[in-house]
Amino acid sequence: MEQKLVESGTDGGAALMPHPDVAPSTGGIAAGVLMCVMSMSSIQFGSALSSPIINAYGPAGATWLRLVFASIALAIIVRPKIMSYSRSQWLGVLALGTVSALMTTSFFSAIARIPLGLAVAIEFLGPLLVATLSFGLSRQLLWPILAAIGVLLLAYDGEEWVGNLPGILFAIGAGVGWACYILLTKKVGNAFQGLEGLSMSLLVAAVVSTPFGYASAVPNLTAFGLLEIAGLALLVPLLPYVLEMVALKRMPTSSFGILMSLEPAMGAVAGFLILSQPMTPSQMFGTALVVAASVGATIFAAKG
């Protein structure tokens with residue numbers, strides 16, 4: 001059966017993983033839409049709820065703890081055949097795991113300094129550029145330009161620029177990491193069966209982040225903190241991955257991509273509800289521009 005590669009997910013979600021080209025049913029589409037919304041909510045509200053952990057353990061410590069729990073949980077489920085992989089497979093998961101660790105650390109460092117909605121919008125520029133440039137330098141560059149205008153509107157609240165330069169640079173770093181993550185996951189997804197590639201890359205990411213996160217996390221760790229982190233690790237990335245994979249079997253790829261384009265708006269909502277980060281009308285319009293750019297790029301990709 002032919003397989004397609006689908007771009008989706010944020011911060012460890014299912015990005016460009018292979019899935020069967022299954023014809024969706026009408027009833028299945030509604031369930032798929034619900035699963036997409038649940039996945040985005042899990043990702044963005046999970047990020048917002050990570051704020052106390054980031055404050056307690058630092059971005060590197062929070063990243064390490066979450067990756068450790070997520071990688072162990074998925075390894076127990078998948079049981080990857082570690083000793084059976086080839087050199088090319090190992091190189092793929094080593095690269096993907098390293099990028100995943102750096103991307104997550106950068107994103108947590110960003111949301112510790114700037115509003116969540118702004119951080120997600122900036123990070124979203126990475127995969128948007130990948131999707132646009134994959135069709136060549138043409139009028140499709142309109143989409144990242146439109147998104148960049150939206151980001152600028154998000155960064156100004158009418159009186160002053162929000163956030164700070166380090167936070168914006170970390171968000172840009174997360175966007176670059178997400179773009180690399182998409183390209184690498186495409187390769188790893190083709191090289192492994194089922195979820196083995198994801199499981200191995202998460203294990204590598206946990207190991208890579210250990211030198212940076214262990215020292216800041218372990219001295220301050222408590223029993224309650226362990227339970228809290230374990231719950232957040234299941235919230236992101238394991239639950240979104242499962243939801244997205246099931247949703248992809250129930251709805252067209254183009255519809256899935258358009259729905260997932262709402263992620264920057266979901267990030268802004270999560271920032272408002274969980275972190276009390278208000279938005280001005282111009283910032284709301286900026287979020288709408290980022291979403292519109294992503295939807296436009298997705299529709300063009302579906303027609304290409």
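Q: Which residues touch the most other members of the largest nonpolar core?
A: Cys36, Phe107, Ile111, Leu116, Leu118 and Tyr181 do, in a core of 62 residues. Helix H3 (residues 87–111) gives the most, nine residues. A nonpolar core is a set of buried Ala, Val, Leu, Ile, Met, Phe, Trp, Tyr and Cys residues joined through side-chain atoms within 4.5 Å. Helices are DSSP runs (H or I, at least four residues), numbered from the N terminus.

The model is predicted: local features need pLDDT of at least 70, side-chain atom pairs count only at pLDDT 80 or more, and totals for chains, interfaces and linings use all residues. Residues are numbered from 1 along each chain as its sequence is written, and side-chain values use heavy atoms, with hydrogens and water left out.

Q: What makes Glus196 and Lys81 a salt bridge?
A: Their closest N and O atoms are 3.4 Å apart. The rule asks for a side-chain nitrogen of Lys or Arg within 4 Å of a carboxyl oxygen of Asp or Glu. The pair therefore qualifies. By this rule the count is one salt bridge.

Q: Why is Glu196 called buried?
A: Because its relative accessible area is 11%, and buried means under 20% (exposed over 50%, partly exposed in between; 1.4 Å probe, protein chains only).

Q: Why is Lys81 called exposed?
A: Lys81 has a relative accessible area of 52%, so it is exposed.

Notes. Helices (H or I, at least four residues) and strands (E, at least two) are DSSP runs, numbered from the N terminus.
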